[in-house]
Amino acid sequence: ATSRVLDRRADGLSTALLLKSLESTPYAVLSRGVSGMRGQTLIVNLPGSQKAVDECFAVLEPVLAHAVKQLQGRIVEVKAEHVEMQQSAHCNVDEAVSTVLDSVTSLPAETVNCATASVLGRILASDVIAKEPLPPFRASVKDGYAVRARDGAGRRRVVDVVTAGDEVGVHSSVVLQAHCAIRVSTGGPVPSGADAVVQVEDTKLIESSPDLTKELVIEVLKPPAEGQDIRPVGSDIALGAKVLDAGAKIGPCELGILASIGCSLVPVHKLPTVGVASTGNELMEPFGAGLGGAKIRDSNRTTLLAMLSSHGFPVVDLGIIPDKADCLVTAFEKAIKTCQVIVTTGGVSMGERDLVKQVLTADFNATLHFAQVRMKPGKPTSFATLSVANRHPVLFFGLPGNPVSAFVTANLYVIPACRRLGGWSTPQRSVFNVKLGQEIRLDPRPEYHRCTLQWPSGIDADVLPTAWSTGSQASSRLLSCQSASGLLILPARSDSLLSLPAGHVTQCMLLDCP
Ligand SMILES: Nc1nc2c(c(=O)[nH]1)N[C@H]1C(S)=C(S)[C@@H](COP(=O)(O)OP(=O)(O)OC[C@H]3O[C@@H](n4cnc5c(N)ncnc54)[C@H](O)[C@@H]3O)O[C@H]1N2
Ligand code: MOO
């Protein structure tokens, strides 16, 4: 269906435009409802809760009365029906991704104690400066003997033994004397007076105590160089050095760096709490008994909650919401209190009960940024933002109900948006080139085709991974996502391009890693 946007305000101006459109065009669109003519029927789409419907009627009643008169009885029926969203809300994937990311800024910082809470995957909100040097004392790099380099090669009396963790020699006033050595172990402190360590392999034991428990004299076989096999204080991390940059993602090594300098309190961007709901009268709890009639098990919530959790985002299970405006209003009102991101599946297409968008715009005054994307799967994907006083705007993703569509669009839009909120500067999934292992027929829409990847073995740097389709790409067939490592980004079919041949190089979005 084609529609023409006349005006988005349900006020006097749009009322006048509506009247005009009833005489001349098939559709008129109001923010609080969509109306139009089809044959002998005037179609009035009244969205949202009872309150929103009442408000719409208040505006439309006089218009309708006038329209009926104007059209001289040509209208035989007035009925409520949902019609296609405005054309202006229809965009391609790149535009949709940009729209989402442009609407999102990082959440403010919070200080987290990495000694007691997990900070893995979090993004640092400011630089981390070392308040301790590493190593904090001169440490031996080898098991061997601490010596004075200027004594050269030759015999040395072994006067002490220092192992890692021993303080002997560090704070001791005893200074290593000429032609003496102290046995040291890797990581142990190098005693005062010593300026080189000679590894045990470069020495020879000359004399031991009679019971063989003590080394008394060794011979250093090669003249040592000053500083040899000693890590000076701060040689790995200098006191006051910047060890991590703002914007860095904390992985195992970053956590280890923080641990190595005793930095337990780190400023990281807050994580968005993401609420996930499934909408639909046909849905039942997934793992319960009693499947029957036209019920289906709700799988989307399970998939999305698991996906978001695996990316490290706190989630709230918002349950199943029936296709009823008042139920959606109540559920959203509650969710907005605790969630920065609300994700629903279902109820965004053209069915009579597809109420999600209408409720958002009519009852919450949300800004609907897009409601359709030229893509397969995921056409009816919707994105809205809700302004909430003294808070970051709440992001709302109305994903399609088909399980594959929900999975693909969550990867394309929801995960990057959550990452951006969590402080990521480049939040999108990685895209790289692959070679098709088989011919792939194209869809009329640009397609995100699930594939497995065969990684090249050997060392030929020019060989690309080979991609294989996961079979039928029906939006309802979640098995097409099983074991899928990536999404092939395929162009829309055209008269001159019906399929891509085996060997064709195309782009692939990696699902297995960032
Ligand atoms: N007249 C039109 N009809 C449809 C269009 C269209 O352009 N014109 N688009 C189709 C496309 S594309 C999609 S995708 C679906 C999306 O519709 P909704 O988002 O409104 O989703 P529902 O109608 O509620 O459900 C679609 C499908 O998925 C099943 N479903 C829903 N929720 C779940 C869940 N939580 N777990 C598992 N399965 C679920 C549901 O039973 C339906 O089979 O609209 C097309 N229609
Ligand atoms: O776009 Mo729908 O998501 O094909 O099935």
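Domain 3 and domain 4 have their C-alpha centres 36 Å apart, with domain bounds taken from an automatic or database domain assignment. Keep in mind that this is a predicted model: local features need pLDDT of at least 70, side-chain atom pairs count only at pLDDT 80 or more, and totals for chains, interfaces and linings use all residues. Residues are numbered from 1 along each chain as its sequence is written, while chains are lettered from A and ligands numbered from 1 in the order in which they are written.

**Domains**
- The protein splits into domain 1 (12-84), domain 2 (89-107 + 271-421), domain 3 (109-133 + 236-269), domain 4 (139-231) and domain 5 (431-510).

**Ligand surroundings**
- Ligand 1 has 26 residues around it, and Asn300, Gly346, Ser349, Pro400 and Gly401 come nearest; being near here takes a C-beta atom, placed from the backbone, within 6 Å.
- That shell around ligand 1 holds 8 nonpolar, 14 polar and 4 charged residues, where Ala, Val, Leu, Ile, Met, Phe, Trp, Tyr, Cys and Pro are nonpolar, Asp, Glu, Lys and Arg charged, and the others, Gly among them, polar.
- Around ligand 2 you'll find Lys376, Pro377, Gly378, Lys379, Pro400, Asn402, Ser405 and Ser475, which by class are 2 nonpolar, 4 polar and 2 charged.

**Helix H8**
- H8 covers residues 403-421; helices are DSSP runs (H or I, at least four residues), numbered from the N terminus.
- 18 of the 19 residues of H8 are buried, so the helix is largely enclosed by the rest of the structure; buried means 20 or more other C-beta atoms within 10 Å of a residue's own, all placed from the backbone.
- Just after H8, glycine 423 has a positive phi of about 105°.

Technical notes. Helix = DSSP H or I, 4+ residues; strand = E, 2+ residues; numbered from the N terminus. Expected span 1.5 Å × (residues − 1). Buried ≥ 20, exposed ≤ 12 C-beta atoms within 10 Å, placed from the backbone.
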